[in-house]
Amino acid sequence: MSDTPFGFGLPPEEPENGDEGKKKDPTEGGQSAGGMGNPFGFGPGAGGDNPFAAMFGSMNPNDLGAAFQQLGQMLSYEGGPVNWDMAKQIARQTVSQGTPDGSKDTSVGPSERTSVDEALRLADLWLDGVTSMPSGSVSTVAWSRAEWVEATLPAWQQLVDPVAERVGLAMGDVLPEEMQAMAGPLIGMMRSMGGAMFGQQIGQAVGTLAGEVVGSTDIGLPLGPAGKAALLPLNVERFGKDLSVPQDEVRLYLALREAAHQRLFAHVPWLRSHLFGAVEAYARGIKVDTSKLEDVVGQFDPSQPEQLQDALQQGMFQPEDTPEQKASLARLETALALVEGWVDAVVHEAAKSRLTSSDALRETMRRRRASGGPAEQTFATLIGLQLRPRRLRDAARLWASLTDARGLEGRDALWAHPDMLPTAHDLDDPDGFVHHEQADFSELDKMLGEAAKGPQKPSESDEGKEDGKGGPEQ
C-alpha cells in the first residue's frame, strides 16, 4: 500500500534517485511541475519562490489573464471534494502536450475506426467458443486520448471522491466547534483550495494515463460507458512498436482482452460495485493525522496560500493501516487477480491457435499488469492504493484448471455470486478448490426465481381442476 496518497509525503528535497534527482531538470521526462513527482505544481522546484509558477507558466504578460482566471477558479470553487472542471481542463492540457517520447494525440481517422471495429467484432466471434458468457459489447469505438479522458472522468469521480471527501472533512474538523463558525471563511477558502489542488493532481494523472492505456478496461476496472468496447489506435500502435509483432496481431490480441472484459462486466452485474465498493471501503478506513493540519490552520495566512501547499507536500495526511483498510485492500487485490486471471485464460485459449505471437503478447501483458501497468502510479498517488494483481499467474492457472475439470459453463458459473469465487487461500491451493465437491445451487436458484416472480394468477386449466370441471373426460 502506498504511504503517499494524493502525492503527499516525501518533500521535494528527497528525490528517489538521490543527488542525481536533485540536478535533474524538473521539466524532463514528463515530471514537470504539476506532474506525478510534484503533483500540484507548487513549492520548491516548481518555479522558484512563486508557488503558482507551474500552473501559471512563466507569468509573462500574455499569460496573466489566464493565470488570474485559474486563481479565481481555485478560490471560488464551492463544489465537492474535487474540482472536476479543473481536473478535466488539466487532463486535456496534459494530453495536448504529448507523451515524453514525443507522441502527440491525433484525431482518429476513418480507416483506424474501421480497423478497430473489425478487430473487436472478430474478437467477439473468437471468444464465443471459449466462454459461456455472450458478448457484452453493444457498440465499438476508437478513441483518441482526449476522447478517453472525456469518457472515463465519471468513473474517476466515483473512485476518487470518497477518498478526497474523507480528507476534505478533516479540514473542517480540526477546529473546536465553537470556533468553526468564526473561521468559516478560512475553512471555506482551504476547502476550495483543496478541491482545486486535488483537481489539478487528478487531471495531471489522468492526462498522463491517457498516453498509455490501450482501451477502456486496461487497468482491470470498467472506466468507460457500459457496453462500449473501445481501443485507442495511437496507443495500440505504441504498445506494439518494439515487440516485432505484426500490428494486426497486436490489435487483435488487445481487442480480445477488451472484449473479454466487456463480457465479464456485462454479465456479472455485481462485479463493478464490488470493485468500486472495495475502494470506497478503503476510503472509509482512512485515519487522517490532523496534528499538522491543526498547526497550519492556527497559523494560516490567507495572503500566503503556499503555506497550505507546503504542509500538504510534507505529509499532512498519512493514512493508517487499519484492519478495515487491510481487509478492503485484500478483497480488492483478490478480485482484480480473478478478473485478470479469467481474462488472461480465455484470451489465451481464443488466441493460441489463431495468432502466431499470442504467447509473446500474453507474456508482455502479464508483465505489464503484474508490475502494476499504467494504473500503478496513478492509483498509488490518487487514492493510496496499488491496483496490482499480484496473483495474476496463480489466478490464470486456477481458471485454466477449472476449465479442464468443469468445462466452460462450470467455470463461468462461479461468477454468479461473489461467495462462490475462489479466495486468496484458494489461489494458494488451486487443486483443492478445483476438485472439491461442488455445491448444488439449482434448488436454491429455483426457489429464488419463483419468489422473484411473485404470486401467479391460476390458469383456466388450474381453475377447472380445482372445481372438478377441467379434468379430462372419462
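A: Let us begin with handedness: a crossing is left-handed if the near helix is turned anticlockwise from the far one by less than a right angle, and right-handed if clockwise. In this predicted model, the crossing of helix 10 and helix 14 is right-handed. The residues in contact are Tyr253, Leu256, Arg257, Ala260, His261, Leu264 and Phe265 on the side of helix 10, and Val339, Glu340, Trp342, Val343, Val346, Val347, Ala350 and Ala351 on the side of helix 14. By class, the contact of helix 10 with helix 14 comprises twelve nonpolar, one polar and two charged residues.

Q: Which geometric quantities describe two packed helices, and at what angle do the axes of helix 10 and helix 14 cross?

A: Two packed helices are described by the angle between their axes and by the distance between the axes. For helix 10 and helix 14 (residues 323-351), the axes come within 9 Å and cross at roughly 130°. Angles of 65 to 115 degrees count as roughly perpendicular and those over 145 as roughly antiparallel, and helix 10 and helix 14 are therefore oblique to each other.

Q: How should I place these helices in the whole protein, and how many helices and strands are there in it?

A: The protein has 21 helices and two strands. Of its 474 residues, 49% count as buried, and among the contacts with a separation of 6 or more, 77% are accounted for by residues 24 or more positions apart.

Q: What is the handedness of the crossing of helix 5 and helix 10, and which residues make the contact?

A: The axes of helix 5 (residues 110-127) and helix 10 come within 8 Å and cross at roughly 60°, which makes helix 5 oblique to helix 10. Their crossing is right-handed. Helix 5 contributes Ser115, Val116, Ala119, Leu120, Leu122, Ala123, Asp124, Trp126 and Leu127 to the contact, while helix 10 contributes Arg251, Leu252, Ala255, Leu256, Glu258, Ala259, Ala260 and Arg263. Sorted by class, the residues of the contact of helix 5 with helix 10 are twelve nonpolar, one polar and four charged.

Q: Is helix 11 roughly parallel or roughly antiparallel to helix 14, and how does one check the length of helix 11?

A: Helix 11 and helix 14 pack at an angle of about 150°, with their axes 8 Å apart, and that angle makes helix 11 roughly antiparallel to helix 14. Helix 11 passes helix 14 in a left-handed crossing. In this pair, Leu271, His274, Leu275, Gly277, Ala278, Val279, Ala281 and Tyr282 of helix 11 meet Gln325, Ser328, Arg331, Leu332, Ala335, Leu336 and Val339 of helix 14, and by class the contact of helix 11 with helix 14 has ten nonpolar, four polar and one charged residues. As for length, the 14 residues of helix 11 (residues 271-284) should span 20 Å at 1.5 Å a residue, and the end C-alpha atoms of helix 11 are 20 Å apart, which agrees. The buried residues of helix 11 are Leu271, His274, Leu275, Phe276, Ala278, Val279, Ala281, Tyr282 and Ala283.

Q: Where are glycine 207 and glycine 215, and what do they touch?

A: Glycine 207 is in helix 8 and is buried, with a relative accessible area of 5%. Although glycine 207 and valine 95 are 112 residues apart in sequence, their C-alpha atoms are 5.2 Å apart in space; leaving aside neighbours within four places in sequence, glycine 207 is in contact with Ala91, Thr94 and Val95. Glycine 215 is in the loop between helix 8 (184-210) and strand 2 (228-231), and glycine 215 is buried, with a relative accessible area of 3%. Not counting residues up to four places away in sequence, glycine 215 touches Trp148, Ala230, Leu231, Leu232 and Glu258.

Key
Residues are numbered from 1 along each chain as its sequence is written. This is a predicted model: local features need pLDDT of at least 70, side-chain atom pairs count only at pLDDT 80 or more; totals for chains, interfaces and linings use all residues. Side-chain values use heavy atoms; hydrogens and water are left out. Helices (H or I, at least four residues) and strands (E, at least two) are DSSP runs, numbered from the N terminus. The expected span of a helix is 1.5 Å times one less than its number of residues. Buried means under 20% relative accessible area, exposed over 50%, partly exposed in between (1.4 Å probe, protein chains only). Axes are lines fitted to C-alpha atoms, for helices over the stretch in contact, and angles run from 0 to 180 degrees between N-to-C directions. Angles under 35 degrees count as roughly parallel, over 145 as roughly antiparallel, 65 to 115 as roughly perpendicular and the rest as oblique. Contact means heavy atoms within 4.5 Å. Ala, Val, Leu, Ile, Met, Phe, Trp, Tyr, Cys and Pro count as nonpolar, Asp, Glu, Lys and Arg as charged, and the others, Gly among them, as polar.
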